[in-house]
Amino acid sequence: MVFTPTNPQKAPANLKKRDPLHSQLSRPIAAVLVAGGLLLSAAIPLRADVTLTDKQFYRQHIEKEKQKKNRTQGNSPRPAGMLTVMATGSQSLIDGSGLEWFINTNITFLTSSSASGAASEASYTHAVAASTALGGTVSTTLSDLFDGYNSIAISFNGSTGPVSTGSPSYFIYNNNGPCTIDADSGGREVVLPPRLINGIQVQRKVFVPAGDAFCRWLNIFTNTTGSPATFNLITSNNLGSDSNTLVVTTSDGDAVAETSDTWVVTMQNYSGTTSPDPRIGHVLGSENPSVGLIRNNFANGDDNPYWAYQLTLQPGETRIIMNLATGQPSKAAAQSKAAELAAAPPSIYQCMSPAEQAQIVNFGPAYFTVEFTAGPNGSLAGDTRQTIPSGGATSPVTAIPDTGYRFGDWSGSFTTTDNPLTLTYVQSNLWFQANFLNDPPQIQITSPADGTTATGLVTIAATANDDSGVERVEFFVDGIKKQNLSVNPSQNSPQRVLTGSYQFSWHSYEHTNGPHVVRATAFDRAGAQASSQITLNSLNVPVTLSATRGVERTWLSNKPFIKLDIGVTTVTGLAPAKFVIQKKTGNGGFQAIGEFLPSELQNGRYTYADILSSTTETFTYRVQAVNGSGAVIGQSPPVSI
Amino acid sequence: MKAKLIITMILLSTLGWAADGKFQVSLTGYYLVPADANYKNIYGNDVLSPELQVGYRFSENWYGFAGYGFFSKSGETPILKEPTKSRQSFISLGAGYMGKFSEKFGYFTQAGACMFHYQEEALGETIKDSTVGFRLGGGIRYHLTQKLFLQGTLGYLYGSDTVNETKIKLGGLQAGIGIGLTI
């Protein structure tokens, strides 16, 4: 027997439909008494001859729910992080637009359009700018979106609806115990218990996002049998638009619902210039799904639309049919939102496990964009902008460094050093930048050997090379830069010196006797550097110098002078031939102004007077010890006075 | 040096032309105490100085004279101990009075103007110049023969100049012993 809900406002009283299952004494009443709890016990008269239209029943039910909400400040969703067992009734969830959805939980009576997991009602919590027939808007609180929406039944005999209670062709998802609130959803998802129907485990999850305007149903089917199972899923609905239901448009642009449509927009037609109900976008699937509609029944004046899918599950296989609905204040908004949702944006997959996303068969998978970019000094090989279905993998992208550089890592959505980079199980839009690092140059001091004794002028020789070109080499003694050798680009073309030899003349006598660290540092064109260092033992004739000013008076002369007191320490193995006294000239160089022999030293000291013509100038002196070959083997620190 | 030779030649020519006992020639060695303190700091407190002098008696007691003397000495600078070398020479022209205590023993005095020449080599430079001064002196004379005599002299030479903004003194107090010849 097929039961077709009717509009009680138009139906004669004697034609009010009587749910045949409600009329059977034992089962419904016992079920209500045992499992229904106080709320539904009060809502359903305990009389065998009770006859209610769906609308009457749910209006009573809604009224009870609202009373309950008022008592418990029930507008707020359940707190996150809690697993709340819901008794029979409905769970209120408010979406991002302020539309409050009432989700049936443990429905124990039999009805075609408001079973467990269905929305018993949806109303705005505040006034919205509702469109009018004249093209304007009016501020009003739209309500009465449903009288029961998105109940499901399954059929194993090929029936495609409409669902009627009591019919052996349909198994309505009901009587499945209390629901829970998914703690991981932040209190936004009602999880209804599974029910086994002819070896098919059926479960529903209903999700209402806080930041978007829709309600999502996941209808989850698992074949628990040992053989393939084919069945139909049929929805049953009772819209609040009643007999004024108007099919506004569908996804293909006409007002005729077809199995090829992915969405349908309906509304309660204007009465005068206004309509009191939110406009509904029914989202039934997406383009090119693996499982499409086998029936899609919407008609003007019919507030009981339905649609159906056929599923074939292998043993143990789980598949999900996902439906969405949106309530909007205007037809245009409903069309736009329905089209948006049917395009399967990532937002409709929130609070779903990757496994669940992969199990959806009436929506194409969510696609994500993965972008790869190359940082400076490198390039990429591969598809640098890939659109990947949810859970899919990218093709490999290889980061290729320029000459002189090496691959460092990928940064962006996360950091990895994999190269090539292949991403598996993509679950969001991602981007990555390949970062390339510069290979530092190489440098080696080739002469003299580490630990060599250094006397006089010592030539430090180094070789340096770099893939990108050596920019300069600097020499340091005891950490103090002594020479900066910039590379002449013309020495090698094109403006790169890949390998070069560099020399630094170290005046070892400018340092105290003992070990000194000589370091050569090469810099490449990218700023990277590398060093090589040796320790040389400086051994020179120590010469000290001090200077004092004075004025010398003779009989006729009166001359200023600077007296230089020179000290020399004898070093075994070093035989200076003479000592040269030098004075700094105006061009910065030193000029010899006198010399003396070692034999002229008295107890290692020698005094020299520089007779001056002026007493106001500052002069700088130094004394060098010179060997028989003319090489400097010792030098005093310069003294200025 | 050329000037000294010329003067010597003139004196000797004059002596040869008018050898009538009115001329006298003497050569005296002086012990001289320099007048300049800075000089003494460098070169010491005394120097030896020879002088050749020629005189002409106008009368029994009065005579005129011309003379040439010099002294030089090396030293070192006080601080740096650099070597120095100095020289002073003087040409004098003046008049004097002489008398006798006995046949062989007499005295004389004289005064005149001096032209001083001076120079110093020190600290890498040579400074030289000249100036005018005066001299005073006197002594005793003992005639060994009618023409040959010995004399003892005490005198004072003085001149001054400014060098490098410093005033210098030339000459000094001198005492000497000499031998002379009356022609």
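What share of the 641 residues in chain A is buried? Buried residues account for 44% of chain A. The model is predicted. Chain A has an average pLDDT of 83. Two stretches of chain A fall below 50, residues 1-62 and residues 489-494.

**Confidence in chain A**
- In chain A, 84% of the residues reach a pLDDT of at least 70.
- Residues 1-62 of chain A have a pLDDT below 50. Beyond near neighbours in sequence, this stretch still shows 109 contacts in the model.
- Residues 489-494 of chain A also have a pLDDT below 50. Here the model holds 4 contacts beyond near neighbours in sequence.

**Secondary structure**
- Chain A contains 5 helices and 42 strands.
- Chain B contains 2 helices and 8 strands.
- The order of elements along the sequence of chain B is α-β-α-β-β-β-β-β-β-β.

**Burial**
- In chain A, 44% of the 641 residues are buried.
- In chain B, 32% of the 183 residues are buried.

**Contacts along the sequence**
- Take the contacts in chain A between residues at least 6 apart in sequence: 64% of them join residues at least 24 apart.
- For chain B, with contacts again counted between residues at least 6 apart, 52% join residues at least 24 apart.

Technical notes:
Residues numbered from 1 in each chain as written. Chains lettered and ligands numbered in written order. Predicted model: local features only at pLDDT ≥ 70, side-chain atom pairs only at ≥ 80, totals over all residues. Helix = DSSP H or I, 4+ residues; strand = E, 2+ residues; numbered from the N terminus. Buried ≥ 20, exposed ≤ 12 C-beta atoms within 10 Å, placed from the backbone. Contact = placed C-beta atoms within 7 Å. pLDDT = per-residue confidence, 0-100.
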